[in-house]
Amino acid sequence: MRAFRVGLDERGTEVDRDDLILVSVDDHVVEPADMFDRHLPERWKEHAPRVSTTRGGTEVWVYEDATVPNIGLNAVAGRPKEEFGVEPTSFAEIRPGCWDIHERVADMDAGGVLGSMNFPSFPGFAGRLFAHAKNLDISLQMVRAYNDWHIDEWCGTYPGRMIPLAIPALWDPALCADEVRRVSDKGCHAITFPENPEPLGFPSLHSDHWDPFWAACAETGTVVCMHIGSSSKLAVTTEDAPVDVMIT
């Protein structure tokens with residue numbers, strides 16, 4: 001059978017598409033330190049999240065007064081299970097495919113993964129870091145820049161291999177709706193959202209508060225993707241329940 005090139009021209013590697021049989025809709029990206037450099041107007045760059053190194057050598061994201069470590073458990077691909085953990089880490093300790101799109105696609109090829117949808121890491125699964133900032137006007141610029149990086153660079157470098165997934169301007173349903181429409185025009189038809197916004201200080205899913213957001217999703221054919229834990233709170237039934245119960 002003739003090999004079929006799947007977005008690997010830069011490497012010159014040919015991959016048989018019949019070997020790529022999996023589509024994963026619950027992957028994650030560990031955002032690279034320079035992700036905002038090319039996607040923010042000059043006036044906003046001084047406010048962008050940045051990577052800083054602690055005295056202990058841990059690399060953390062800093063945004064306003066918030067410090068967010070890279071969590072090892074977000075990036076254990078290629079490591080034995082005995083090394084799985086939640087300790088903070090540095091980019092040097094993370095498999096490059098977690099944050100480098102070229103290495104990610106190479107890992108996908110090796111694993112038979114045709115397509116992948118990636119949830120955020122440092123902003124939280126539904127972008128709550130930006131929603132809880134002091135200056136929400138600046139946060140809106142960060143949400144847009146994050147989505148532009150994700151769509152144009154992370155997904156756009158290898159068209160067809162990544163499923164774009166935007167984050168919302170969670171503090172305002174009208175802004176959420178605007179961003180749904182904006183990223184839809186860029187070809188993104190999936191957006192993250194907390195499985196329960198109330199613990200984050202926002203109105204319940206059972207209210208009409210979110211109606212503008214739902215309407216924009218229906219209008220654009222956008223899929224709402226809810227990751228467990230995106231509300232900052234897990235549903236624990238009993239202390240002795242298996243972890244599968246909580247996830248389900």
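Rings of Phe, Tyr and Trp (for Trp, its six-membered ring) are taken as a pair if their centres lie within 6.5 Å, with planes under 30 degrees apart counted as stacked, over 60 as edge-to-face and the rest as tilted. The structure is a predicted model, in which local features need pLDDT of at least 70 and side-chain atom pairs count only at pLDDT 80 or more, whereas totals for chains, interfaces and linings use all residues. Residues are numbered from 1 along each chain as its sequence is written, and side-chain values use heavy atoms, with hydrogens and water left out.

By this rule the count is 13 aromatic pairs. Among them, Tyr63 and Phe130 form an edge-to-face pair, with 5.3 Å between centres and 85 degrees between the planes. Because Tyr63 lies in strand β3 (residues 59-63) and Phe130 in helix α2 (residues 128-131), this pair ties together parts that are 67 residues apart in sequence; helices (H or I, at least four residues) and strands (E, at least two) are DSSP runs, numbered from the N terminus. Tyr63 and Phe130 are both buried, where buried means under 20% relative accessible area, exposed over 50%, and partly exposed in between (1.4 Å probe, protein chains only). Ring pairs link Tyr63 and Phe130 with Phe36, Trp61 and Phe122 into a cluster.

Phe91 and Trp99 also form an edge-to-face pair, at 5.9 Å centre to centre and 85 degrees between the planes. Phe91 is buried, at 12% relative accessibility, whereas Trp99 is partly exposed, with a relative accessible area of 27%.

The mean pLDDT (the predictor's confidence in each residue, from 0 to 100) of the protein chain is 89, and 92% of its residues reach 70 or more.
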